[in-house]
Amino acid sequence: MMFQMRWRTILPQHCVLLVTCLLINLEAVPIDIDKTKVQGEPHVEGAKIETPDTGLYYDEYLKQVIDVLETDKHFREKLQTADIEEIKSGKLSKELDLVSHHVRTRLDELKRQEVARLRMLIKAKMDSFQDTGVDYQALLKQFEHLNHQNPETFESKDLDMLIKAATSDLENYDKTRHDEFKKYEMLKEHERREYLKTLNEEKRREEESKYEEMKKKHGDHPKVNHPGSKDQLKEVWEESDGLDPNDFNPKTFFKLHDVNNDGFLDEQELEALFTKELEKVYDPKNEEDDMVEMEEERLRMREHVMNEIDVNKDRLVTLHEFLKSTEKKEFLEPDSWETLDQQQVFTEEELKEFETHILQQEDELQKKAENLQQQKEELQRQHDQLQAQKQELQQVMEQRKLQQGSSLSGPAGELKFQPPGEHQVGNAQNHLAGDQPLPPGHIPVQETAAGSDHVQIHP
């Protein structure tokens with residue numbers, strides 16, 4: 001179970017292998033930790049540990065592959081003894097050939113489902129542009145976490161590609177978050193300046209004064225301890241853990257904050273240590289405090305500590321790494337920590353470039369809006385034309401009905417109607433009354449006084 005815990009813990013935060021099934025197990029290297037000396041809730045055997053979302057677009061596929069591989073005893077044993085380089089190099093992926101048939105069958109099924117999902121995403125995207133004749137197989141090449149040339153079965157190449165893709169993506173994950181934050185800050189400043197342009201001189205001065213006052217109020221906060229320093233950890237020890245600061249012990253501190261008891265401090269466990277420091281600067285009740293900035297501050301603190309302590313750069317802190325960091329001068333005498341309000345997040349040049357990009361986007365959106373409006377007007381024109389044709393057709397049909405009704409009625413409106421057979425008899429009588437001679441031996445039929453008996457005389 002400990003193996004499974006380590007395997008799952010590593011995934012979301014593992015930069016180097018944090019990825020896929022291998023990654024997670026990869027950190028399963030046993031370490032010597034005497035947990036019997038740390039009081040806390042005992043680990044329940046068989047308890048399922050929920051794996052955090054990695055943020056990858058193939059996160060669900062990654063987790064499912066891990067779950068399936070964990071069921072194979074041979075593969076699990078190989079993972080327990082593998083090191084990082086074996087996993088990154090793809091050597092461990094070759095062990096996939098030795099897993100059970102049941103596991104391979106399930107992996108094949110997972111891959112087919114993932115390929116179908118990606119194809120559906122591609123189709124939806126291309127349909128939105130009204131493209132036709134799309135080569136979906138060729139477009140699958142953009143997804144690097146599986147072998148698109150073989151969409152039916154899960155092979156060792158798929159495992160290798162999944163590991164490398166997840167490793168690369170997770171390494172860039174923090175950078176992407178920083179870039180998004182910078183865009184957020186520039187957009188906020190851009191909107192503030194655009195709003196000022198709409199005000200008169202007096203209102204503009206009032207807004208500027210209010211803005212500077214809020215900045216000053218936000219910057220007026222207690223000293224923030226350097227993340228990972230003795231002062232910062234002792235503050236957590238005293239205020240969060242409720243222990244005597246004079247009894248501070250790094251080893252005990254590590255075990256107390258290794259929440260899932262897997263022998264590592266992962267990124268989430270580290271970030272939790274900075275809550276007290278962040279509360280000095282940010283309060284969700286204060287208008288001047290931006291909670292988006294608080295999360296960026298938390299990310300910066302965690303990155304700093306990782307850079308200082310995480311020697312092998314696997315984005316996990318072992319007890320050994322943690323204790324070694326407490327021996328450094330920086331732990332006892334750290335430099336002051338600059339919060340975001342004391343730093344320049346972007347330059348004026350970057351802001352101008354960002355605003356230019358916004359204008360280009362607005363121009364493109366305006367053109368699309370005009371195009372949509374033209375399409376709307378064209379559709380309305382076609383609709384009106386069809387409605388006119390429909391009305392014209394209805395009028396023609398009504399006129400025809402009226403004409404047919406008038407041909408069956410007399411001057412006074414009476415129906416021109418003869419019972420069946422009467423029309424034929426009349427014609428026969430007219431024929432007999434004509435000048436044409438009768439055949440030999442026939443004489444005309446004469447009506448008796450009763451009008452109903454006929455007498456026919458033959459020679």
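**Asking how we know**

This predicted model has a protein chain with 19 helices and four strands. Buried residues account for 36% of its 459 residues.

Me: Why is Asp247 called exposed?
Reply: Exposed means over 50% relative accessible area. Asp247 comes to 53%, so it counts as exposed.

Me: And where does Asp247 lie?
Reply: Look at the loop between α11 (230–239) and α12 (250–257). Asp247 also belongs to a surface patch of negative charge, together with Glu238, Glu239 and Asp244.

Me: What makes that patch negative?
Reply: Asp and Glu count as negative, and the patch is made of Glu238, Glu239, Asp244 and Asp247.

Me: Which residues of α11 are buried?
Reply: Gln232, Leu233, Glu235, Val236 and Trp237. The buried residues of α11 pack against α12, α14 (275–281), α16 (319–325) and α17 (329–332).

Me: How do you know that Glu378 and Arg381 form a salt bridge?
Reply: The cut-off is a side-chain nitrogen of Lys or Arg within 4 Å of a carboxyl oxygen of Asp or Glu.

Me: Why are Glu378 and Arg381 about one helical turn apart?
Reply: Because they sit three residues apart in helix α18 (residues 348–407). In general, an α-helix has 3.6 residues a turn, so residues three or four places apart point the same way.

Me: Why is Glu378 called partly exposed?
Reply: Buried would need under 20% and exposed over 50%. Glu378 has 31% relative accessibility, so it falls in between. Arg381, at 45%, counts as partly exposed too.

Me: What makes Glu201 and Arg204 a salt bridge?
Reply: Their closest N and O atoms are 2.9 Å apart, and the limit is 4 Å. Both lie in helix α10 (residues 201–219), three residues apart. Glu201 is partly exposed at 47%, and Arg204 is partly exposed at 25%.

Me: How do you know that Glu109 and Arg106 meet in a salt bridge?
Reply: Their side chains come to 3.2 Å, N to O, and the rule asks for within 4 Å. Both are in helix α6 (residues 101–128), about one turn apart.

Me: How many salt bridges does the count come to?
Reply: By this rule, 28.

How values were computed: Residues numbered from 1 in each chain as written. Predicted model: local features only at pLDDT ≥ 70, side-chain atom pairs only at ≥ 80, totals over all residues. Heavy atoms only, no water. Patch = residues over 30% accessible without salt bridge, like charges linked within 9 Å, V, L, I, M, F, W, Y side chains within 5 Å. Areas by Shrake-Rupley, 256 points an atom, 1.4 Å probe, with all protein chains shown as cover. Charge placed at Lys NZ, Arg CZ, Asp CG, Glu CD. Helix = DSSP H or I, 4+ residues; strand = E, 2+ residues; numbered from the N terminus. Buried < 20%, exposed > 50% of the residue type's maximum accessible area, 1.4 Å probe, protein only. Contact = heavy atoms within 4.5 Å.
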